[in-house]
Amino acid sequence: MTGTVGPSSVDLREVHRFPNRPVRLGGTLHWDVLALYRGVLDGLREAGPVASVGVDSWGVDYGLLDADGVLLGNPVHYRDDRTEGMADRLAESLPPQELYATTGLQYLPFNTVYQLTAARDSAQLAAAQQLLLVPDLMSYWLTGVRGTELTNASTTQLIDPRTRDWSRTVAEAAGVRLSLFPPLRLPGDPAGELLPEVLDETGLEGHVPVTAVGSHDTASAVAAVPAVTKGFAYIATGTWSLAGLELTRPVLTEASRQANFTNELGVDGTVRYLRNIMGLWLLQECMRSWESEGRPQELAALLREAGSCAPLRSVVDAGDPAFLPPGRMPQRIDDACRRSGQPVPDGPAEATRCVLDSLALAHRLALEDAQRLADTEIEVVHVVGGGVHNELLCQLTADACGLPVVAGPAEAAALGNVAVQARAHGVIGDDAGLVRRLLYDTLPLRRYEPSADHGSPQAWSRAAAAVRAGS
């Protein structure tokens, strides 16, 4: 993506899109990281002359470098099953309550600390001299400069959100060498310049700086939430739904741990207080299964049909770990409905409605809990990311939450990335409020008001109570 930014304008343009195809080898699921880097180079070539480059990606996953700075194998995918049982292993030396009180990160089986626990006795980790999270690895290959950007580092469960630095207590308990990580850097910090070989590959010329951004894509997405009031919540939608609040300090209480909320770090010293929800992964996997069975579905038609289905007929807990692995998603949803005594969806349209009703309920429950635990109130919900194109999900979220939903932008992560670069290079003011006002005034946004067309407020309350009781 390229962004052209001025004091009163933001123009984002997609210049290149490439596939991300994980590969299973020797029983382990890997990212094809060299193919991803090739896509980055191709994208820079298509972009043409640029004033700055910023890299963001997903969190938790990493590559290991040897003493020569060479990658030791393809990074392992967070959906690989190597982390099964690792939380229990770590709990033997560090109780979950203490781990949360120190890091504020919700339990997710693939957090980096559990990946490193799983790799503790591996020859690869023993040989490693440095560890780079995925966006930092890409930045290193572009510049030859190594660093660890803070917002993504906070997803490792090795950062103390109060000090915004590494927790030696957690690292020692987990047997993690903090010397593996290069120095921390903040969004807006310089991260080097494109290497001569990269300039040759891409056709770019001169000195092209790389700027550290909110390299965890959700940090960049939240930075681009076009909020003009303080009482807002956000839902970053896509494969995951990340629903929560922007705070100035973490919530590290036992009640917060029990509610499975995370305190990831954001741009400008903020805290992303949120819950990870399975998100549109549920629907993506359903569609993949139907296609493999010879029943491919066209998404727009499927959503129209789903919108006509009976509301709240069957709902599942969208945070159930049973939905995390790929494959057989429609069958797993059917099984969850049977276990809870609800009707099994009859065909793709009803299954889709079950997924979307369930996601809307998960959004409601997350935001209810966030307000209670952070002792704050919200008046509007901002939905950003790919889910803004799913009009039915946006309306159901407004209905479930009983609050207006402002949908947009879809490419929030790219916009947040570009905005941090523009601020760092003095193109726009260094004030998050001004950036959000600029985005609010210039981007096409859609507002959804709560309605009773997809179930009464009482019906949503009953369904939310049923999900909460069963989770």
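Predicted model: local features only at pLDDT ≥ 70, side-chain atom pairs only at ≥ 80, totals over all residues.
**Close-up 1**

**Close-up 2. Who touches whom between helix 12 and helix 14.** From helix 12 come Trp281, Leu282, Glu285, Cys286, Ser289 and Trp290, and they meet Met329, Pro330 and Ile333 of helix 14. Sort the residues of this contact by type and you get seven nonpolar, one polar and one charged.

**Close-up 3. Helix 19 and its buried side.** Helix 19 runs over residues 457–470, so look for 14 residues spanning 20 Å from first C-alpha to last, close to the 20 Å expected at 1.5 Å a residue. Buried here are Ala459, Trp460, Ala463, Ala464 and Val467. They share one side of helix 19 because they cover an arc of only 135 degrees around its axis. As a rule, residues three or four places apart on an α-helix point the same way, because there are 3.6 residues a turn. The buried residues of helix 19 pack against helix 15 (348–374) and helix 16 (391–401).

**Close-up 4. The other side of helix 19, plus Ser461.** Turn to the other side and you find Pro457, Arg462 and Ala469, which are exposed. Ser461 lies in helix 19 too, and counts as partly exposed because its relative accessibility is 34%. Ser461 and Gln106 are 355 residues apart in sequence, with 25 Å between their C-alpha atoms.

Key:
Residues numbered from 1 in each chain as written. Heavy atoms only, no water. Helix = DSSP H or I, 4+ residues; strand = E, 2+ residues; numbered from the N terminus. Buried < 20%, exposed > 50% of the residue type's maximum accessible area, 1.4 Å probe, protein only. Arc of directions from axis to C-beta. Contact = heavy atoms within 4.5 Å. Nonpolar A, V, L, I, M, F, W, Y, C, P; charged D, E, K, R; others polar.
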